[in-house]
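Colleague: I have the model open beside me. Could we go through a few places in it together?

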Amino acid sequence: MARIIDEISRTFSEYLLIPRLTRTNHHVSNVSLRVPVARFKRGSESRFSLNIPFVAASMQSVSGPDMAIALAREGGLAFIYCSQSVEEQAAMVAKVKAYKAGFVVSDSNLRPDATLTEALELRKCTGHSTMVITDNGCKDGVFLGILTDKDYWEFDDDLNRPVSDFMTTKENVVLGREGISLYNANMLLREHKKECLPILDDNGRLHSLVFKKDYVDHLNNPNESLDAKKRIAVGAAINTHDYKERVPALIEAGADVLCLDASDGYSEFQRDAAHWIRDRYGDSVAIGGGNVVESDAFRYLVEEAGLDFVKVGIGGGSICITREQKGIGRGQASALLAVAKERDEYFEETGIYVPLCSDGGLANDTQIIIALAMGADFVMMGRYFAMTSESPTPRVSIGGRIYKPYWGEGSNRARNWQRYNSDGESGLKFEEGVDAYVPVVGSVKEVLDVTLSKIRAAMCNMGSLTIREFSNNAVLTRISEQSFIEGGTSNVLSLDKDVLGKF
């Protein structure tokens, strides 16, 4: 007969934190939000970490290249969605990696006999005003010079003339040699008051470019998530159907983290996919999977599949209807507490720490704080990021307010049948996600600034300076319905709703 778990399935909104002693060093300026993403042994460091505990969900309406760039610049990570062709997903990953690379491989190159018209067309295509002139017009050709928008007058010069008539020739360009450090390259730019430094190999061929703007960008975004080559870090979702074709393309494009995307990850399919990837790529890429809601599933994905991190949560997303469609799931707080307990026991037994990602069930900043206190190393969100300017969907006006479309990967709109359907037929027989709209609230940076400020403040209230310490120190209490009501405003006239709404 069926086994019944007597404990009530609970949500984050049913808990509050009890403050601990705040010492003099518990100041927000001392708080570190750095968290591990890849498993690691006791006493060592995770081979991949984030500077803030936030990742964007692998959804069509959330994680495009703009989102990945914006979130990585703040210290987080976005997972480019896999409900698209292999080529399209790999191109999105490559676009993120090319955004800011320290040493940038040039994608705006011309032959010296190309016309100014061709240069203008290339600028329009790439958006780059700096173009490199090489003997063959390729990214690794013999370097001849540089053409920028300061070298010509678009509406006055003869557009049929060759770019060699306008470019700054090699003799007049400050150059770096292959092997130079990024620091020294930036110092050359500073010394010579230049915007771009071409890096050449010993044969005079173009190796890469270093831009002043990248250095300035990094100073303005010190928490950026970067790879070993100082490129923007990016994640990519994969499924258990075409991973043998998809994974090589994504790794070639530069993906730093892969995540098996499924509503229920307790499966041999995820184990087999993880083994295939690990056998071919070793630890060069971090691999996550899930989703799970109990201890046995966590153990299976950690011991049998060897995953680097595990996602927790089924059916708790704002546009997810898995629970009502299939009767599968668990309250997000109960699921996270159960899996975190098993994670900690596994750590004590083996000395191996496996990070947890809490995915879904996060309706506000307070619940994000509770999730971190309950043991999540980082949280994955869809709606939170779908409401920002950088999400890939268009703005629409509804009733005088600005919204963006937001839909689940299990909806017909996503056409993501491979994620849910196992009978080989194309098309969904039923949906596990809905199609909706969310209000636009600002940029990724704007919304994160507020949320991160709340997290840091709450951590100080709990006498903690790191996320792990926060979880270890946390004392939580369950609340009644009346406690929940008491926590809001009462017996006052709200200016936002009661007074201002009348004018």
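This is a predicted model: local features need pLDDT of at least 70, side-chain atom pairs count only at pLDDT 80 or more; totals for chains, interfaces and linings use all residues.

Colleague: Which helix is tyrosine 215 in?

Modeller: Tyrosine 215 lies in helix 5, which covers residues 212–220.

Colleague: And what does Tyr215 form on the surface with Val216 and Leu219?

Modeller: Together, Tyr215, Val216 and Leu219 make up a nonpolar patch, with about 260 Å² of accessible area.

Colleague: Now to aspartate 308. Is it buried or exposed?

Modeller: Aspartate 308 is buried: its relative accessible area is 1%, and buried means under 20%.

Colleague: Where is aspartate 308 placed?

Modeller: Aspartate 308 sits in the loop that runs between helix 8 (295–304) and strand 17 (309–312).

Colleague: Which side chains make polar contacts with the side chain of aspartate 308?

Modeller: One is the side chain of arginine 47, at 2.8 Å. Another is the side chain of arginine 278, at 3.0 Å. Leaving aside neighbours within four places in sequence, aspartate 308 is also in contact with residues including Val37, Ala38, Ile287 and Pro355.

Colleague: Changing topic, what is the strand order in the open sheet of 3 strands?

Modeller: The order is 11-12-13, and the pairing is mixed. Strand 11 (176–177) and strand 13 (206–211) are the edge strands, each pairing on one side only.

Colleague: How many bridges join strand 12 to strand 13?

Modeller: Strand 12 (residues 196–200) is joined to strand 13 by 5 bridges, and the two run antiparallel. Cysteine 196 stands opposite phenylalanine 211 of strand 13.

Key:
Residues are numbered from 1 along each chain as its sequence is written. Side-chain values use heavy atoms; hydrogens and water are left out. Patches are made of residues with over 30% relative accessible area and no salt bridge: like charges are joined within 9 Å, nonpolar side chains (Val, Leu, Ile, Met, Phe, Trp, Tyr) within 5 Å. Accessible areas come from the Shrake-Rupley method with a 1.4 Å probe; for residues, only the protein chains shown count as cover. A salt bridge is a side-chain nitrogen of Lys or Arg within 4 Å of a carboxyl oxygen of Asp or Glu. Helices (H or I, at least four residues) and strands (E, at least two) are DSSP runs, numbered from the N terminus. Buried means under 20% relative accessible area, exposed over 50%, partly exposed in between (1.4 Å probe, protein chains only). A polar contact is a pair of N or O atoms within 3.5 Å; within protein, one must be able to donate a hydrogen and the other to accept it, and residues adjacent in sequence count only if both atoms are side-chain atoms. Contact means heavy atoms within 4.5 Å. Two strands pair if DSSP finds at least two bridges between them.
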